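Please read the following points with the sequence and the model side by side, and check each one as you go. They are written for someone meeting this kind of description for the first time.

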Amino acid sequence: MNVPWQYDEATQVGTDYGDQSEVSAYDERMQQLRNTEAEAKDIERALCLTPESTVWEIGTGTGQCAIALSRVVKHVYATDVSLAMLEYARSKAKRQGIANVTFAEGGFLSGFRPAHPVDGIVSQLALHHLPDFWKSRAVVAAANSLRSGARLYLRDVVFQSTTSDYDAFFQAVIEGVRAHAGEEVARQTVQHIKTEFSTLDWILEGLITRAGLKIVEKQGDGFVSAYVCEK
Ligand SMILES: C[S@@+](CC[C@H](N)C(=O)[O-])C[C@H]1O[C@@H](n2cnc3c(N)ncnc32)[C@H](O)[C@@H]1O
């Protein structure tokens, strides 16, 4: 239902992933910095996926994870609010001969929804685009689309409540990013902390459990955390 107070999730915060040049630059960077095949293997394990599973990826970006998962499951729905991202992901899948991914326009809050409850949902580095109240709506909506017993894999920048000095912590994170990934990613990390909606662990964990999901596993390096949550 569209209501006048509905958050406008089509307007990007921070980096503009609706911009075509940003999309290819993002994909190039991610191919260099991440081992997306290993990430997909971990997601396959965490979500207990089988060749019969149907999976929904929310905020698919350039489709790297959706494409990797499509090789081990029956079908993947891959959604994003950015048409530029979707177009890029769709042509990447086509070039690789992938036929079991449905790319569709939609966000956490609106747009495409799978017609039936799915066997797993994955979302990486996307939920922080929503302010906290809307994150809670997003996690409830995701939970509603999971079959009973199925799992959500939610990975994002999450601030740890055990951190005593955030300025020193962020400084160390940014220096680490600069050394590992270069000046541009360091600049984007600063922008992320300053303008995007990453939240605290206790807030995110509270809204996951209040959505009726049980956190069965938590992984993280202090800056990025992944939650495996079961319905
Ligand atoms: C940092 S990229 C992450 C892409 C991909 N998941 C990855 O791990 O590389 C963030 C993605 O979230 C998408 N996004 C932003 N707001 C969203 C929303 N409300 N619902 C779904 N996706 C959203 C952006 O368009 C972008 O593709």
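1. C48 is partly exposed, because 14 other C-beta atoms lie within 10 Å; a residue counts as buried if 20 or more other C-beta atoms lie within 10 Å of its own, as exposed if 12 or fewer, and as partly exposed in between, with C-beta atoms placed from the backbone. C48 sits in the loop between α2 (36-46) and β1 (54-58), where helices (H or I, at least four residues) and strands (E, at least two) are DSSP runs numbered from the N terminus. Although C48 is not a glycine, its phi is positive, at about 55°. Most residues other than glycine have a negative phi.

2. Two remarks on the source belong here. This is a predicted model, in which local features need pLDDT of at least 70 and side-chain atom pairs count only at pLDDT 80 or more, while totals for chains, interfaces and linings use all residues. Residues are numbered from 1 along each chain as its sequence is written.

3. L125, which is not a glycine, has a positive phi of about 55°. L125 belongs to the loop between β4 (118-124) and α5 (132-144), and it is partly exposed, since 16 other C-beta atoms lie within 10 Å.

4. When its neighbours within four places in sequence are left aside, A150 is in contact (C-beta atoms, placed from the backbone, within 7 Å) with V118, D119, G120 and K231. A150 and L127, by comparison, are 23 residues apart in sequence and 19 Å apart in space, C-alpha to C-alpha.

5. The axes of helix α6 (residues 166-181) and helix α7 (residues 183-195) come within 7 Å and cross at roughly 155°; axes are lines fitted to C-alpha atoms, for helices over the stretch in contact, and angles run from 0 to 180 degrees between N-to-C directions. That angle makes α6 roughly antiparallel to α7, since angles over 145 degrees count as roughly antiparallel, under 35 as roughly parallel, 65 to 115 as roughly perpendicular and the rest as oblique. On the α6 side the contact is made by F170, V173, I174, V177, R178 and A181, and on the α7 side by E183, V185, A186, T189, V190 and I193. By class, this contact of α6 with α7 has nine nonpolar, one polar and two charged residues, where Ala, Val, Leu, Ile, Met, Phe, Trp, Tyr, Cys and Pro count as nonpolar, Asp, Glu, Lys and Arg as charged, and the others, Gly among them, as polar.

6. For helix α1 (residues 20-33) and helix α4 (residues 83-95), the axes come within 9 Å and cross at roughly 50°, so α1 and α4 are oblique to each other. Their contact involves Q20, V23, S24 and D27 of α1 together with A84, M85 and Y88 of α4, and its residues divide into four nonpolar, two polar and one charged.

Technical notes
Contact = placed C-beta atoms within 7 Å.
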